[in-house]
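Open the model in your viewer and keep the selection tool at hand. This tour goes stop by stop, with something to select at each one.

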Amino acid sequence: MPEIDEVLPKYLRISEYLRDRIERGELAPGAEVPSERELAAQWRVARPTAAKALNTLRQQGILESRRGSGTYVADRPGGPVLREQVPRYGSVYAEAEPVTVLAAALVAAPDRVAEVLALPSGGPVIMRKRLTDNGSGGAELVTSWFDGGLAAAAPLLLRTEALPGGTLRYLESVTGLRVAYLRDRVGARLATADERRVLGLARPAAVLVCQLTLHAADDAVLELDEIVHPPATWLPS
């Protein structure tokens, strides 16, 4: 089994390994990737875990399925999504299953969000908040932020329902924009009152927070994700 950071849930270890091979050019556009059965045997995991690993890359547009044939590296304009850092504790799999969308609205941008999105403080931004499975039997709270100017072009971002294929796939499909690379950074802090309520945490409770930014080729931030991991629940089982 390939050596991958053991901190990651099993399905992410597999998807990170495949994505690394794609980014290094070992798997070119159009190349077939191992099947669920082959991955399950290679990594000694259950087939649903292998299936989830492939699905996360499909949601990113990195892989595509061909009916009755298999799963292949997608031919994305501009090549695969590149990372300046490997997302250690967060991910771009914005609408991974299962997911509960808690809120979706046009709101005034908090200072930290406005700074990352290069928008005026207090200006309109789209906020999507959801509770999702972290792949290890626990839950994490994910808040995604988008430029409010996208509201007309991407109205589904304002609906409290999961988007088939994920928010990234939807955003790219309706705007024609493409993610060229992403960055992440990780920190720890005390949970807010809302985070404690949603995640069922005691007071006080420390949480791990990953800030993930998805950039276009011109360096503009298309999406900002803030992923809050409850204590001791994000580690793989």
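pLDDT is the predictor's confidence in each residue, on a scale from 0 to 100. You need it here, as this is a predicted model.

**Stop 1: colour by confidence**

Colour the chain by pLDDT. The mean is 82, and 83% of the residues reach 70 or more. Now compare the elements. Select helix 4, residues 111-117: its mean pLDDT of 95 is the highest among the elements of the chain. Then select strand 3, residues 82-83, where the mean is the lowest, at 54.

Go to residues 1-7 next. Here the pLDDT is below 50. The model still gives this stretch 16 contacts beyond near neighbours in sequence. Residues 88-96 also stay under 50. For them the model has 43 contacts beyond four places in sequence.

**Stop 2**

Select residues 36-43, which form helix 2. Which residues of helix 2 are buried? Show the side chains of L39, A40 and W43: these are the buried ones. They lie on the same side of helix 2, because they cover an arc of only 100° around the axis.

Turn the helix around. The face of helix 2 that points away from its buried side carries R37 and A41, which are exposed. Then step past the end of the helix to R44. R44 follows helix 2 and has a positive phi, near 55°.

**Stop 3: a salt bridge in helix 1**

The structure holds eight salt bridges. Start with R19 and E16. Their closest N and O atoms are 2.7 Å apart. Both residues lie in helix 1, three residues apart, about one turn of the helix. An α-helix has 3.6 residues a turn, so residues three or four places apart point the same way.

Are the two partners buried or exposed? R19 is buried, with a relative accessible area of 2%. E16 is buried too, with a relative accessible area of 4%. The cut-off for buried is under 20%.

**Stop 4: a network through D194**

Select K129, D194 and R197 together. Salt bridges that share partners join K129, D194 and R197 into one network. Take one link at a time.

D194 forms a salt bridge with K129, and the closest N and O atoms are 3.1 Å apart. D194 lies in helix 6 (residues 193-199) and K129 in strand 5 (residues 124-133), so this pair ties together parts that are 65 residues apart in sequence.

Move to the other link. R197 forms a salt bridge with D194, with the closest N and O atoms 2.6 Å apart. R197 and D194 both lie in helix 6, three residues apart, about one turn of the helix. R197 is exposed, with a relative accessible area of 59%. D194 counts as partly exposed, at 28% relative accessibility.

**Stop 5: the largest pocket**

Keep K129 and D194 selected. Both are among the residues that line the largest pocket. The largest pocket has a volume of about 190 Å³.

Which elements supply at least two residues of the lining each? Strand 6 (139-147), helix 6 and strand 9 (221-229) do. The largest share, three residues, comes from strand 6.

**Stop 6**

Most residues other than glycine have a negative phi, and most peptide bonds are trans.

- Select R203 and P204. A cis peptide bond joins R203 and P204, with omega about -5°. P204 lies in the loop between helix 6 and strand 8 (206-215).
- Select A118. A118 is not a glycine, yet its phi is positive, about 60°. A118 lies in the loop between helix 4 and strand 5 and is exposed, with a relative accessible area of 68%.
- Select D219. D219 has a positive phi of about 80° and is not a glycine either. D219 is in the loop between strand 8 and strand 9. At 47% relative accessibility, D219 counts as partly exposed.

Note on methods
Residues are numbered from 1 along each chain as its sequence is written. Side-chain values use heavy atoms; hydrogens and water are left out. Helices (H or I, at least four residues) and strands (E, at least two) are DSSP runs, numbered from the N terminus. Contact means heavy atoms within 4.5 Å. Buried means under 20% relative accessible area, exposed over 50%, partly exposed in between (1.4 Å probe, protein chains only). The arc is that of the directions from the helix axis to the C-beta atoms. A salt bridge is a side-chain nitrogen of Lys or Arg within 4 Å of a carboxyl oxygen of Asp or Glu. On a 1 Å grid over the protein atoms alone, a cavity is a set of points where a 1.4 Å probe fits but cannot get out, and a pocket is an open set with protein on both sides within 12 Å along at least five of seven lines; lining residues have an atom within 4 Å of a point. Grid points are joined across faces, edges and corners, and a volume is the space filled by probe spheres set on the points.
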